[in-house]
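Here are a few friendly notes to go with the structure. Have it open as you read, and take the points one at a time.

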Amino acid sequence: MKEYLTYLKKPLSGLEKEVKKIIDSYALFNKNEKIIVALSGGKDSTSVLYILKKLGYNVEGLMIDLNLGQWSEVHKKNMSLFCKELKIKFHIVDLKKEFGQGICFIKKIVKEKKNLSGCTVCGVIKRWILNKWSKKLSADKIVTGHNLNDECQTILMNFLKGNLYLGINSTPMTGISKSEKINFSIKKNFAQRVKPLFFISESKIKEYSKKMNFPILYDRCPCAIGTYRVETRKWILEISDSDKLRIVNNFQKIIPKLKKKKSFGEIKNCKICGEPSRKDICNACEMFLCLK
Ligand code: AMP
Ligand code: ZN
C-alpha cells in the first residue's frame, strides 16, 4: 500500500481543485458535519473519500456487503486497508442481515413480481440501507461517487422513458433541504445525499485514480448485465465530455420549473420501516413485501 497519508499534505491537484470548487459553490458541507462516504470499492467513491479527507472534512466510509462472492471480498479488503492507512473509520453493513436475503435472490423475485430491472432494485435497496445507517451513525450527509456520466445517463434515460419528472433529484445535493416545510422528526432524522463528483467526467476520475494508484478494481458490478442502464452506458461514451456537461447543466435549469409544475406529495414516514417516503409504504418495503 502506498503512503497515502503523507500524500494528503501535498498541494491540491487539478481535479482536487475542481471538486473543492463544486463543494464551495453549492455549499455541500461544512467542517463540523459528519460525512459518511458510501464506498463501492470502485474509482469514484474511493477518489471522493480521499479528496474529502484531503480537504479536511470529517469523513467515515461505509460499504454495503452485497455478498457477491470473491468480488465483494476483494472490495471489502481493499477499502478496509485503504481506510486504515488514511485513519478513516470504516463500516461494513451486511445486506443479508439488513434485508434477510442476498442481492441476487432479491433481484430475481422483484423482477418476476414487479418487473423492475436489477439496477433499479439494487439502487432502491442501497439508498434505504444508507439512510438507515446514516441515522445509526448520526451522520449529517451521505456522499456517493455518482459522476457526470451517471447523471447524463439518468437524464437521457428519463427522457427516453418520457418522464423527466423522475430526474428532479438529479442535483449535487438531494433529499430534504433545511428549508423544506416538513415534519421536524423526519428532517432531524434525515441525512442529505451529496454527489461532489456531479460535474466531473468518468474519464477524468479514471485518470486521477490511476495516477494515484488507488487499491481498487476497475471492473463493473458482475450483476449489472442486460439492463437498460448498461445499454445506455455504452452510447453515452459516444457523447463528448463537454456535451455531457451541457446536457447536465441545461437540465439543472429545468428542474425548478419541473418542481413548480407538479406536486410531488408530502414526505412522511413509511408505515412499515419509518424511513422517509412520499408514499405510505416506501419502495424498499414494497420490495421486501414481495419477497414473502
Ligand atoms: P453504482 O450504482 O454501482 O454506479 O454506484 C453509485 C455509487 O453508489 C457509488 O459511487 C458509491 O458511492 C455507492 N455504492 C455503490 N455500491 C455500493 C456498496 N456496495 N456499498 C456502499 N456504497 C455503494
Ligand atoms: Zn419502508
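1. Which residues are around ligand 1? In this predicted model, they are Ala38, Leu39, Ser40, Ser45, Leu62, Met63, Ile64, Lys126, Thr144, Gly145 and His146. Strand β2 (residues 58-65) gives the largest share of this shell, 3 residues.

2. Have a look at the backbone here. Alanine 38 has a backbone N or O atom 2.6 Å from an oxygen atom of ligand 1, and leucine 39 has one 3.2 Å from a nitrogen atom of the ligand. A polar backbone atom of glycine 145 lies 3.0 Å from an oxygen atom of ligand 1. On its own, ligand 1 has 480 Å² of accessible area, and the protein covers 77% of that.

3. Now for the aromatic rings. The whole structure holds 13 aromatic pairs. One of them joins phenylalanine 82 and phenylalanine 214 edge-to-face, with 5.4 Å from centre to centre and 75° between the planes. Because phenylalanine 82 lies in helix α4 (residues 69-85) and phenylalanine 214 in the loop between α10 (202-211) and α11 (228-236), this pair ties together parts that are 132 residues apart in sequence.

4. Phenylalanine 82 and phenylalanine 214 are both buried. They also belong to one aromatic cluster with Tyr4, Tyr7, Tyr50 and Tyr208.

5. Two lysines are worth a look too. Lysine 31 lies over the face of tyrosine 57, 5.0 Å from the ring centre. Lysine 210 places its charged end over the ring of tyrosine 218, at 4.6 Å from the centre of that ring.

Notes. Residues numbered from 1 in each chain as written. Chains lettered and ligands numbered in written order. Predicted model: local features only at pLDDT ≥ 70, side-chain atom pairs only at ≥ 80, totals over all residues. Heavy atoms only, no water. Phe/Tyr/Trp six-rings, centres within 6.5 Å; stacked < 30°, edge-to-face > 60°. Helix = DSSP H or I, 4+ residues; strand = E, 2+ residues; numbered from the N terminus. Buried < 20%, exposed > 50% of the residue type's maximum accessible area, 1.4 Å probe, protein only. Lys NZ or Arg CZ within 6 Å of the ring centre and 35° of its normal. Near = heavy atom within 4 Å. Polar contact = N/O pair within 3.5 Å; in protein donor to acceptor, adjacent residues only side chain to side chain. Areas by Shrake-Rupley, 256 points an atom, 1.4 Å probe, with all protein chains shown as cover.
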